[in-house]
Number of protein chains: 2
Amino acid sequence: MVLKSLVEVHSDSHFPLENLPYGVFRIKKTNSECRIGVAIGDYVLDLCVIATAGLFDGPVLKSSDCFNQHNLNKFLELGRPAWKEARATLQKLLSDTEPTLRDDASLRRKALHPMDKVEMLLPVAVGDYTDFYSNINHATNCGLMFRGSENPIKPNWFCLPIAYHGRASSIVVSGTDIIRPRGQDRPKGNSPPYFGPSRKMDFELEMAAVVGPGNELGKPINVNEAADHIFGLVLMNDWSARDIQGWECVPLGPFLGKSFGTTISPWIVTLDALEPFVCDGPTQNPPPLPYLAEKESRNYEIELEVFIKPAGQEHSYAVTKSNFKHLYWTISQQLAHHTVNGCNLRPGDLLGSGTMSGPEPGTYGSLLELTWNGTKPLSLGGATRTFIEDGDEVIFTGCCKGNGYTVGFGKCSGKILPSPY
Amino acid sequence: MVLKSLVEVHSDSHFPLENLPYGVFRIKKTNSECRIGVAIGDYVLDLCVIATAGLFDGPVLKSSDCFNQHNLNKFLELGRPAWKEARATLQKLLSDTEPTLRDDASLRRKALHPMDKVEMLLPVAVGDYTDFYSNINHATNCGLMFRGSENPIKPNWFCLPIAYHGRASSIVVSGTDIIRPRGQDRPKGNSPPYFGPSRKMDFELEMAAVVGPGNELGKPINVNEAADHIFGLVLMNDWSARDIQGWECVPLGPFLGKSFGTTISPWIVTLDALEPFVCDGPTQNPPPLPYLAEKESRNYEIELEVFIKPAGQEHSYAVTKSNFKHLYWTISQQLAHHTVNGCNLRPGDLLGSGTMSGPEPGTYGSLLELTWNGTKPLSLGGATRTFIEDGDEVIFTGCCKGNGYTVGFGKCSGKILPSPY
């Protein structure tokens, strides 16, 4: 049964009562302070107003100031009991059978802001951002291009979720322009390395898990309790300058090829909202070591799509379709592995999934793969692309199709601006 | 001429009037809030008290609340004019010819705390921590051990300062115990990988630069202005589990082999205090690309030493002596390179130097090198060590020898506790 909200929600909206994703916004006109909100149809519900009105009256949230903050970190720290309570309170409050908000015109006016009147900001303060490499199609494609067809994937990949530490400072919210980075490229012959604006700008279609309570240093999280430490998911574009990355990355991994910007979608869709879209995790061979062996291995069916809107055009062209279910190491395994050495996770930390490529060429999650390192240009209407050109906007969408409703992530977009240098 | 302080300072103290390093402390007995202080002899000067007394009366600091904070980030953000002004104010205030503090017994009692009565905390909130790999001896040794003698160092190393993003959450202050991490080790034959407590626990003798104002995303910092973005240096132990690191690090670099803990010394010694110990930077061949070419290339003469105090013993044994001058890419080049792609640095970010090995065997900066990956055990009194054993305390010291005085970093220590699992 589709839930009915007191706010009108179109059947193709990403934000029905079944979703209720969390974000941080500011009212554009008044340039107000940033506030926590939940998306419902074409509106944002202001949780500071709801909390101030005393409507979070459950045992965990009644006396908490977690919604009177500039980001979601404090709410995330409270853990699943708080998240469940908030969801129940808000689903009731926003339902068309509940008079509290429905019949109070003054409260509705204060609490519900039309989405086009607000600016979305980063939902969390990210302490640390980790990027995994847990998609087998992506790992295979990169291996085939750079290591050859004998052993495209190294044996360690099948034993543990490979990852690297990313840069937290340059994480930005959807809609933020990204300036084309400068850097070095591998020298040709005896020349010095190329230095200048990257000539191989790429996107990486990823999602990221947002960490909840986390753990103390030295106290690992068990894989079967890991899901209680994940609040929800966002779309993530791990922008990559392939030339810079290729030259710098041996022996210590990606650095400046990634750290110029990482874009996330503004709305965090909770694991509770994604529960109807759980699917089986993959068969893992060799079987995971005991610390990675889950009682129940779960992935999520989330349809992902990437569009490029070329500079100077009004039309966006679909360049790939994939699905979040193509994850080899589940988000619970990623989180358990991350902490098994004692490393502490903190509320708001991001765990990127790795590029979510599907198994066929039209479903790859990066231009590197889609154009096979620039050797097979893509056609976008009249134009072609090997890598991203200045002025191109890259747009990700993600959604789960329920029976008569959609649980969606909205979009995650960014435009590449030319290097000013 | 040696400066004379109103507080008695022994000639071998690390903290004379010429130093004045910054830290954050709490008074042990009262478990007070954390406060900003400066070390002088065996005392800590409480800058909150000094600021409240109106003694920061220069134009930049007069109306700032930067010393009424729980960490140094706000002071760091103010930049070099504030740092210079604070240094001048404090050198005057603490000199034995200045009556303000000298002759005010009540103010002295409030403002000066004996060092053994305070607990030191992390001096900054670290947003992002980056670890460079800029010591040629260390890179050569690692290359010889793991890549062979043909080309121990890859050509990119000589073109750019190689680095990786480290983990910020697990940075701890000197004196914090470190729990031996668990993790996977490379499988033997067709067996599954080993899993359990690391069998190759190591230290890495490093220093880290503490970032000052930093830059906006997309706005690189010029290499000749980079020094104005570095507040000072700390000692840093980049604890490393060599077995975990070796198995996980291809293709994305170190991850869990490092992220279980990184220890820094509590006192940040400012570049202003280190100015008398500047020495020439190294000759770089090939010459650096223009964006890395400095008008003046500067390193610092800082004597570094590592001791191990074995479990159950009272005596510490010196295991290596090195010097911070063995840095190939200067800290200014590291910082300029870090931002050349537009990556933003924030106040309090740490830039690790990389392991500071000297050119001879007795001067290497890690047990990996000193014992040549465990093949040449070190003798510590009656005991031997290939890697760190449970209960061992590893102690770094660093100091600059001036004419009649010492500018020192105190110590950076940590004890390895057994894995409880």
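# A guided tour of the predicted model

Begin by selecting A:Trp372, which is located in the loop between α10 (367-370) and β23 (378-380) of chain A; helices (H or I, at least four residues) and strands (E, at least two) are DSSP runs numbered from the N terminus. Its phi is near 45°, a positive value in a residue other than glycine. At 25% relative accessibility, A:Trp372 counts as partly exposed, where buried means under 20% relative accessible area, exposed over 50%, and partly exposed in between (1.4 Å probe, protein chains only).

This is a predicted model, in which local features need pLDDT of at least 70 and side-chain atom pairs count only at pLDDT 80 or more, while totals for chains, interfaces and linings use all residues. Residues are numbered from 1 along each chain as its sequence is written, chains are lettered from A and ligands numbered from 1 in the order in which they are written, and side-chain values use heavy atoms, with hydrogens and water left out.

Next, select B:Leu20, in the segment before β1 (22-27) of chain B. Phi is again positive here, near 55°, but B:Leu20 is buried, at 3% relative accessible area.

Return to chain A and select A:Asp392, in the loop between β24 (383-385) and β25 (393-401). This residue is buried, with a relative accessible area of 0%. Residues that A:Asp392 touches, not counting those up to four places away in sequence, include A:Lys309, A:Arg385 and A:Lys415; contact means heavy atoms within 4.5 Å. The side chain of A:Asp392 also reaches the backbone nitrogen of A:Glu389 at 2.9 Å.

Two cis peptide bonds come next. One runs from A:Val250 to A:Pro251, with omega near 10°, and A:Pro251 lies in the loop between α7 (242-248) and β16 (262-264) of chain A. Another joins B:Asn285 and B:Pro286, with omega about 5°; B:Pro286 sits in the loop between β18 (278-280) and β19 (298-300) of chain B.

Finally, display both chains together. Here 55 residues of chain B are in contact with 55 residues of chain A. The area buried between them is about 5,300 Å², of which carbon and sulfur atoms give 63%; buried area is the accessible area (1.4 Å probe) that two parts lose on being put together, summed over both. Four salt bridges are counted between the chains, each a side-chain nitrogen of Lys or Arg within 4 Å of a carboxyl oxygen of Asp or Glu. To view a salt bridge, select A:Arg167 and B:Asp349, whose side chains meet at 2.7 Å, N to O.

Note on methods: Polar contact = N/O pair within 3.5 Å; in protein donor to acceptor, adjacent residues only side chain to side chain.
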